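Colleague: I should like to learn how to read a helix in a model. May we take one case together?

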Amino acid sequence: MVAAKLTYEESRRKRLEENNERLKALNLPLLSQSLRESLTPKSSPAKNSKPRRLREQQVALRRSIRVANKAARSQDEISEQAVTHEAVSPKVGIPRVVTSDRIHFKGRDLSNRVYASDEARTCSMERAGELQASLEPQYPSFLKSMLQSHVTGGFWLGLPGHFCKATLPKSDAIMTLADEEGDEYPTVFLARKTGLSGGWKRFSVAHNLVDGDALVFQLIRPTKFKVYIVRVSSFEEGNKC
């Protein structure tokens, strides 16, 4: 039994030695060692890395939609006002005249408005047309029949658009109205609206203009009208043209 065991151990040892000789002959131990070395990760030398700098970026502050829209509208309004201020002509105003005898105009009683009849209005315009025909033709002129809005309340006098475009200034200006007595009244002419605004009330009240009166405007200078008045009251109460 013991002899058989020793024979087995000796034969096993001989087989191991033979196997090792064969492996050495095939260089397998060296191949396995080189394979292990290739698979083992090598530590790379530390690089001198520079500290990273974070780029400074301009980040817009977060705001609510209402605040952002309001700011945008405010900026648009400022830009629009700047453009409008450059495009529109300077505001024209009537120079204040200081006199010793200051005239105070009281508001008219609008509850007692008197409206001219159609017949009387027609007669006053016909008479004004005759007066216009007798004026010097070299000076352009036009007729205007007074309405309540011209002589009470708003005191705004619109002028014929074609006349304004052809003969009057292209921008706002001071237009002087001279009556038949030679008295002069400065008024503000608004070119875009083609009418007289400031100063017209003074002229209207000073001459007691009423609904139906017919006026002849004669342009005797680039910014001066000679105004002739035909009273509608001359044709009321049965008076014929």
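Modeller: We shall begin with the chain and then turn to one helix. This is a predicted model, in which local features need pLDDT of at least 70, side-chain atom pairs count only at pLDDT 80 or more, and totals for chains, interfaces and linings use all residues. Residues are numbered from 1 along each chain as its sequence is written, and side-chain values use heavy atoms, with hydrogens and water left out.

Colleague: How many helices and strands does the chain have?

Modeller: Helices (H or I, at least four residues) and strands (E, at least two) are DSSP runs, numbered from the N terminus. The chain has 7 helices and 7 strands, in the order α-α-α-α-β-α-β-α-β-β-β-α-β-β.

Colleague: What span should helix α4 have?

Modeller: The expected span is 1.5 Å times one less than the number of residues. Helix α4 (residues 118-133) has 16 residues and should therefore span 22 Å; its end C-alpha atoms lie 23 Å apart, which agrees.

Colleague: Which residues of α4 are buried, and which are exposed?

Modeller: An α-helix has 3.6 residues a turn, so residues three or four places apart point the same way. Buried means under 20% relative accessible area, exposed over 50%, and partly exposed in between (1.4 Å probe, protein chains only). In α4, Ala120, Arg121, Cys123, Ser124 and Ala128 are buried. They cover an arc (taken from the directions from the helix axis to the C-beta atoms) of only 165 degrees around the axis, which puts them on the same side of α4. Asp118, Glu119, Glu130 and Ala133 are exposed on the other side.

Colleague: What do the buried residues of α4 pack against?

Modeller: They pack against β1 (141-145), β6 (214-221) and β7 (224-230), where contact means heavy atoms within 4.5 Å.
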